[in-house]
Amino acid sequence: MNFKTLFAAALIGSAAFSPAIAADEPQVVRQEMMKKNGGAVGAMAKMVKGEAEFNADAVLAALTSISEVAGSFGEYFPEGSETGFETEAAPAIWSDRAGFDAALAKYKTDADAALAAAPADLDALKAVFGPLTKNCGACHETYRLKKS
Amino acid sequence: MNRAALGIGVGVAAVAAATLGLVLTQPKPLKAERLEAIAALEGNAEAGETLFWAGGCASCHAAPGAKDEARLVLSGGVRLTSDFGTFIGPNISPHPQAGIGSWSVADFANALLAGVSPEGGHYYPAFPYGSYTRMSDRDVADLFAFMGTLPESDVASLPHEVGFPFNIRRLLGGWKLLFFTDASRESVDQTNAQLVRGQYLVEGPGHCGECHTPRNLIGGFVSGGWLSGAPNPEGKGIIPNLTPGGKSIKDWSASDIAYYLESGFTPDFDSVGGSMVEVQANMAKLESSDRDAIAAYLKALPARPNGWE
């Protein structure tokens, strides 16, 4: 086999396998979930900052999405997913699973409370936005490790 | 020259070197004139609160994990791991025995600006006097006044866990000779009041460079590396490059930086993490003009790619 054929085979191989495999990996799934959270938080933050008009439906959609993520996020940290796919999950997730689960439970409680409050105006949004998003930093303080 | 003379010569040289070493490593408190100038000021506790948050005092001196009001109780106990050992934040509450309640403002100024204790010994630079030394007399007096209003705690300070040779504090005199300076870290346009304020906050009380600047083997800043990021001394992970030359925040606008310091959110609404969570909570308590000044200073830095990002 010459180099060109080998190269082509490698290309086809990587195209056929890697994306399909990567998308199912817990590291990738949880990264996508956090990106989704970023989008939801961003939509509400723009309203809080006064950069976007308050929109009750958009807020409800964002809070629903955040609550859904909170409900299943913890399932994507099985043993064996400590490394790989540029994960920034900190070893503390596995060494202090109880603490991680407690942080997630609090996040879920706050997300559900915000959703139940169904903010009808900007002030109501501000009232839930602060307490809810405190969870982001509180969890990332201990359970995420910036690697790049 | 005979052997006896040589022996005497070597002996004299050794004594001279040891004497010189002792002189050079001697802790040097502030000059009397500066101490008098600071003592003559009437501290304004309200203004001092800004310095308290800008200086991040609570991050090392409040109890580990303390939140909200509890961060005003400076009982100490936070463990700071490093290549040189583990430093444990002492009690600096106004308790007369367990804390610093018996200190004069001159003692406080010597600690903050010269890294010298009331007993005349060197402090470890884990206490960031290498940055605080740029603080103004007024700010030192105000901060002292504010800290005097905080609750007392009788929790005893723990000794640092530092092995030989770093447990010989006198050696810190050598570290100070090599690295301790109150000179500016960066030259900025001194006619631009916002940049000057940002420089003061970042290089002085904010002590951003203590983590965000790479250090050499003996704990001095790598020259030319100011704020270009570093490995995390507390373990795995990195401390981002803050200059426009790093991939971390080069695409952030000044208002993105200010908003991050206020809210903890990056421009794509990722959140603050790691030890920066505490720092951001402190920065959120500043006036927005101060956060804007910090952002302006960071944007004015020269690009310093660090080679590993």
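This is a predicted model: local features need pLDDT of at least 70, side-chain atom pairs count only at pLDDT 80 or more; totals for chains, interfaces and linings use all residues.
Select helix α9 (residues 193-203) of chain B and helix α13 (residues 288-300) of chain B: they pack at an angle of about 90°, with their axes 7 Å apart. Angles of 65 to 115 degrees count as roughly perpendicular, so α9(B) is roughly perpendicular to α13(B).

Now show the side chains at this contact. From α9(B), pick B:Gln194, B:Leu195, B:Arg197, B:Gly198, B:Gln199, B:Leu201 and B:Val202. From α13(B), pick B:Asp290, B:Asp292, B:Ala293, B:Ile294, B:Ala296, B:Tyr297 and B:Ala300. Colour them by type. The contact of α9(B) with α13(B) has 8 nonpolar, 3 polar and 3 charged residues.

**Step back to all of chain B**

Chain B holds 13 helices and 4 strands. Its radius of gyration is 21 Å, close to the 19 Å that the globule rule gives for 309 residues, so chain B is as compact as a globular protein of that length. Along the principal axes, the C-alpha atoms of chain B fill a box of roughly 75 × 50 × 40 Å. Colour by confidence next. The mean pLDDT of chain B is 94, and 99% of its residues reach 70 or more.

Most residues other than glycine have a negative phi, and most peptide bonds are trans. The next two stops are worth a look with that in mind.

Zoom to the loop between α4 (57-61) and β1 (79-82) of chain B, where you will find B:Asp68. Phi of B:Asp68 is near 50°, a positive value in a residue other than glycine.

Then go to the loop between α7 (137-147) and α8 (172-179) of chain B, and select B:Pro165. What kind of peptide bond joins B:Phe164 and B:Pro165? The bond is cis, with omega about 0°.

**Cross to chain A: α3 and α5**

Select helix α3 (residues 56-72) of chain A and helix α5 (residues 97-117) of chain A. Their axes come within 9 Å and cross at roughly 155°. Angles over 145 degrees count as roughly antiparallel, so α3(A) is roughly antiparallel to α5(A). The crossing of the two is left-handed.

On the α3(A) side, show A:Leu63, A:Thr64, A:Ile66, A:Ser67, A:Ala70 and A:Gly71. On the α5(A) side, show A:Leu104, A:Tyr107, A:Lys108, A:Ala111, A:Asp112, A:Ala114 and A:Leu115. The residues of this α3(A)–α5(A) contact divide into 8 nonpolar, 3 polar and 2 charged.

**Chain A: α2 and α6**

Next, take helix α2 (residues 26-48) of chain A and helix α6 (residues 122-143) of chain A. The axes come within 10 Å and cross at roughly 130°. That angle makes α2(A) and α6(A) oblique to each other. Which hand does the crossing of α2(A) and α6(A) have? The crossing is left-handed.

Select A:Val41, A:Met44, A:Met47 and A:Val48 of α2(A).

**Last stop: where the chains meet**

Keep α2 and α6 of chain A in view. How many residues of chain A are in contact with chain B? The count is 13 residues of chain A, against 16 residues of chain B. The elements giving two or more residues to chain A's side are α2 and α6. That side divides into 4 nonpolar, 5 polar and 4 charged residues. For the complex, the predictor gives an ipTM of 0.82 and a pTM of 0.89.

Notes. Residues are numbered from 1 along each chain as its sequence is written. Chains are lettered from A and ligands numbered from 1 in the order in which they are written. Axes are lines fitted to C-alpha atoms, for helices over the stretch in contact, and angles run from 0 to 180 degrees between N-to-C directions. Angles under 35 degrees count as roughly parallel, over 145 as roughly antiparallel, 65 to 115 as roughly perpendicular and the rest as oblique. A crossing is left-handed if the near helix is turned anticlockwise from the far one by less than a right angle, and right-handed if clockwise. Two residues are in contact if their C-beta atoms, placed from the backbone, lie within 7 Å. Ala, Val, Leu, Ile, Met, Phe, Trp, Tyr, Cys and Pro count as nonpolar, Asp, Glu, Lys and Arg as charged, and the others, Gly among them, as polar. pLDDT is the predictor's confidence in each residue, from 0 to 100. The radius of gyration is taken over C-alpha atoms; the globule rule is 2.2 Å times the number of residues to the power 0.38.
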